[in-house]
Amino acid sequence: MRTVAEIADASPAQTAQPLKILVADDAPNIRLGLTRMLQKWGYEVHAAADGDEAWEILESETIQFVVSDWMMPGCSGPELCRRIRQRESSYYTYVILLTARDEKDALVEGMESGADDYLVKPFNQGELKVRIKAGERVLQLERDLAARNAELWKTHSELKTAYTLIEEDLK
């Protein structure tokens, strides 16, 4: 099990670098359209033609944001979410599922698989943009919390050392 300090040190730092977003969709036109739109908005985009390819990218790259289609050959969007949530990682990955399924049961199933958000196709570009911004805020909060926890851990360790020295002096 990793310590809080190790997690804070391993979390992707907030830099001037654009956020990396992985787009996973088996429909080439949707994948290309999403990629171009996200690049236009200033994001670094990685694209995958299915869930298996998306998983390979996630295993080799530090990507904290995924926009995934639900229905794909091989690994589906919900299965990709489950894999992301089950893996050992030092940082959080925010996932938005895209689907043509608009019934409430599908929303529940998608969220139970580990998705953070759910958007029905065809989607409004403005709605996708604000949902990505909301996800960025969650990721920033996670980084801030990890940094604060690391500082608390450091202070705790320093106090423990000081306490041990005082205790030894008293003996």
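**Close-up views of a predicted model**

**View 1. Helix 3 packs against strands and a neighbouring helix.** In this predicted model, the buried residues of helix 3 make contacts with strand 1 (20–24), strand 2 (44–48), strand 3 (65–69) and helix 4 (77–86). Helix 3 spans residues 51–60, and its buried residues are G51, A54, W55, I57 and L58. Because these residues cover an arc of only 160° around the axis, they lie on the same side of helix 3. Residues three or four places apart in an α-helix point the same way, because there are 3.6 residues a turn. The other side of helix 3 carries the exposed residues E56, E59 and S60.

**View 2. D50 caps the N-terminal end of helix 3.** A side-chain oxygen of D50 is placed 3.0 Å from the backbone nitrogen of D52.

View 3. I21 has F65 of strand 3 as its bridge partner.

**View 4. Strand 4 and strand 5 are joined by a right-handed crossover.** Strand 4 comprises residues 94–99 and pairs with strand 5 in the parallel sense, over 4 bridges. The bridge partner of L97 in strand 5 is Y118.

**View 5. Y94 is a buried residue of strand 4.** The relative accessible area of Y94 is 7%, under the 20% limit, and Y94 is therefore classed as buried. Leaving out residues up to four places away in sequence, Y94 touches Q64, F65 and V66, as well as D116 and D117. Its contacts also include R131, G135, V138 and L139. The C-alpha atoms of Y94 and G114 are separated by 9.3 Å, although the two residues are 20 residues apart along the chain.

**View 6. W70 is buried in the loop between strand 3 and helix 4.** With a relative accessibility of 3%, W70 falls under the 20% limit and so counts as buried. When neighbours within four places in sequence are left aside, the contacts of W70 include S76, G77 and P78. W70 is also in contact with L97, L98, T99 and R101, and with A106, E109, G110 and Y118. L80 is 10 residues from W70 in sequence, and their C-alpha atoms are 9.2 Å apart in space.

**View 7. The buried residues of helix 4 pack against helix 3, strand 3 and strand 4.** These buried residues are G77, P78, L80, C81 and I84. They share the same side of helix 4, because they cover an arc of only 155° around the axis. Helix 4 is in turn among the elements against which the buried residues of helix 3 pack. Two of the buried residues of helix 4, G77 and P78, are also among the residues in contact with W70.

Conventions: Residues numbered from 1 in each chain as written. Predicted model: local features only at pLDDT ≥ 70, side-chain atom pairs only at ≥ 80, totals over all residues. Heavy atoms only, no water. Buried < 20%, exposed > 50% of the residue type's maximum accessible area, 1.4 Å probe, protein only. Arc of directions from axis to C-beta. Contact = heavy atoms within 4.5 Å. Polar contact = N/O pair within 3.5 Å; in protein donor to acceptor, adjacent residues only side chain to side chain. Pairing = 2+ DSSP bridges. Right-handed = clockwise from strand over helix to strand, strands pointing away.
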